[in-house]
Amino acid sequence: MKQQTGRCQCGKIKYSLREDKVISGHHCHCKDCQRTTGSGKATILFIAKKYIDLKGQLKFFESKGTSGSNVRRGFCPNCGSGVLSYSKQLSHILFLKAGTLDDSSWVKIDSNFFTKSANNWDDVDKSIKCFDANPGFMFGLKTLFKSF
Ligand SMILES: [Zn+2]
Ligand SMILES: [Zn+2]
């Protein structure tokens, strides 16, 4: 089992995780991800909380997701880097921001979320599965199952 590491820009938040426990990878083009990243999309990895060893105290901002869930986005209170987020209703699965990894060359992206709000200056990768909004119930079940 390979350990991977990552951190926020200033280094107050650091983490390591088990690479083989990453469930899936996604580009999320939703408007909230665009705002919080200041970019065209967020690229996130799904992983169960128990497989990430996090050092440092994240600050969280909570907002309502389109499906009614409470999304909590964690960022470094010192440098503001977004590190991870999760849904309050599914709190044992974390959505880790792939760009915070020290080495992300091993990352595989499975699908795109919210292609309906993608910008024409940040093209959707059509070679992988696309969801026009949230990936839906069956997808959630699969993720839940794989997280144990
Ligand atoms: Zn920081
Ligand atoms: Zn999003």
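This is a predicted model: local features need pLDDT of at least 70, side-chain atom pairs count only at pLDDT 80 or more; totals for chains, interfaces and linings use all residues.
View 1. Is Lys88 buried or exposed? It has 12 C-beta neighbours inside 10 Å, and a residue with 12 or fewer is called exposed, so Lys88 counts as exposed. Look for Val71 as well: it is 17 residues away from Lys88 along the chain, yet their C-alpha atoms are separated by 6.2 Å. Skipping neighbours within four places in sequence, the contacts of Lys88 are Ser69, Asn70 and Arg72.

**View 2. An open sheet of 8 strands.** Read across the sheet and you get β6-β7-β8-β9-β4-β3-β10-β11, with mixed pairing. Which strands stand at the edges? They are β6 (59–64) and β11 (129–130); each has a single partner strand, so one side of each has no neighbour in the sheet.

**View 3. β7 meets β8.** Zoom in on residues 70–75 (β7) and residues 82–87 (β8), and you'll find two antiparallel strands joined by 5 bridges. To pick out one pair, find Gly74 and then its bridge partner in β8, Leu84.

**View 4. The hairpin made by β1 and β2.** These two strands, residues 3–7 and residues 14–18, run antiparallel and share 5 bridges. Gly6 has Tyr15 of β2 standing opposite. Between the strands come 6 residues, and Gly11 in the turn has a positive phi of about 95°.

**View 5. Inside the largest nonpolar core.** This core has 24 residues, and the ones touching the most other members are Cys28, Ile47, Val83, Phe95 and Leu96. Which elements give two or more residues to it? That list is β2, β3 (22–28), β4 (42–48), β8 and β9 (93–97). The largest share, 5 residues, comes from β4. Now pick out Leu96: leaving aside neighbours within four places in sequence, it is in contact with Ile44, Leu45, Ile47 and Leu84.

**View 6. Phe114 and its backbone angle.** Most residues other than glycine have a negative phi. Phe114 is not a glycine, but its phi is positive, about 55°. You'll find Phe114 in the loop between β10 (111–113) and β11. Why does Phe114 count as buried? The cut-off for buried is 20 or more C-beta neighbours within 10 Å, and Phe114 has 25 of them inside 10 Å, so it counts as buried.

Terms used
Residues are numbered from 1 along each chain as its sequence is written. Chains are lettered from A and ligands numbered from 1 in the order in which they are written. Two strands pair if DSSP finds at least two bridges between them. Helices (H or I, at least four residues) and strands (E, at least two) are DSSP runs, numbered from the N terminus. A nonpolar core is a set of buried Ala, Val, Leu, Ile, Met, Phe, Trp, Tyr and Cys residues joined through C-beta atoms within 7 Å. Two residues are in contact if their C-beta atoms, placed from the backbone, lie within 7 Å.
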